[in-house]
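Here is a short report for a first look at this protein. It starts with the overall layout and then turns to helices and a pocket.

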Amino acid sequence: MISPRLDQQNAGVHKVIVRDGEMYGYRRADTEVTDMSRIYLDQFGPAASFVYLGEVDEAGHVYGGVSAEYLVAVSRIDAHLGTLLHAISTRAAREDEDWLVGITTDHGHLDEGGHGVREDVVRGSFFAAARSGRGDQAWPDEGLSLPASMRPEKITPYLA
């Protein structure tokens, strides 16, 4: 459960942006979330942020993970991510900050749509990470060995 922490919101420490993709559609909600997040990331540079874009998930459930609609949704989300990454890299350069961006999903999708239950493709996910700022230096490869797959709770040490 995520708590809005009203005391921190009132103090300007914590910001929650909510758009209802279930009611108005994720295509619209994702655009609004991206626009608001871009401004917030650029102006305030929060220490940690979580931005959820739901159109790909919606398309996967309704049309399936190999559908034309899914590919179109992925393309739109890719553009939204580009917008956010540009805001982050611009801020990182301007403020001499070091950012780590992680991208993931909560589950995969069946080719034919629906939610599935225990299928490997549904239980699978991915995690991609990139740094931005301070010369965009890469992670040191010395001593860093990432396994081909790992449980979600095993990712955290790599983010520190």
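## Layout

Read along the sequence, the pattern is α-α-α-α-α-β-α-β-α. That comes to seven helices and two strands. Helices (H or I, at least four residues) and strands (E, at least two) are DSSP runs, numbered from the N terminus.

The model is predicted: local features need pLDDT of at least 70, side-chain atom pairs count only at pLDDT 80 or more, and totals for chains, interfaces and linings use all residues. Residues are numbered from 1 along each chain as its sequence is written, and side-chain values use heavy atoms, with hydrogens and water left out.

## Burial and contacts

The protein has 160 residues, and 25% of them count as buried. Buried means under 20% relative accessible area (1.4 Å probe, protein chains only). A contact means heavy atoms within 4.5 Å. Among contacts with a separation of 6 or more, 55% join residues 24 or more positions apart.

## Helix α3

Helix α3 covers residues 26–44. Its 19 residues should span 27 Å at 1.5 Å a residue, and its end C-alpha atoms are 25 Å apart, which agrees. The expected span is 1.5 Å times one less than the number of residues.

Which residues of α3 are buried? They are Y26, A29, D30, V33, T34, S37, Y40 and L41. They cover an arc of only 145° around the axis, so they lie on the same side of α3. The arc is that of the directions from the helix axis to the C-beta atoms. An α-helix has 3.6 residues a turn, so residues three or four places apart point the same way. The buried residues of α3 pack against α2 (21–24), α4, α5 and β1. G45 follows α3, with a positive phi near 50°.

## Helix α4

In α4, the buried residues are E55, V56, D57, A59 and G60. They pack against α3 and α5. G64 follows α4, and its phi is positive, near 100°.

## The largest pocket

The largest pocket has a volume of about 1,300 Å³. Of its 38 lining residues, V51, L81, G102, I103 and T104 are the closest to its centre. A pocket is an open set of points on a 1 Å grid over the protein atoms alone, where a 1.4 Å probe fits, with protein on both sides within 12 Å along at least five of seven lines; lining residues have an atom within 4 Å of a point. The volume is the space filled by probe spheres set on the points, which are joined across faces, edges and corners.

α4 (55–63), α5 (68–95) and β1 (99–104) each supply at least two lining residues. The largest share, eight residues, comes from α5.

Definitions and conventions:
Buried < 20%, exposed > 50% of the residue type's maximum accessible area, 1.4 Å probe, protein only.
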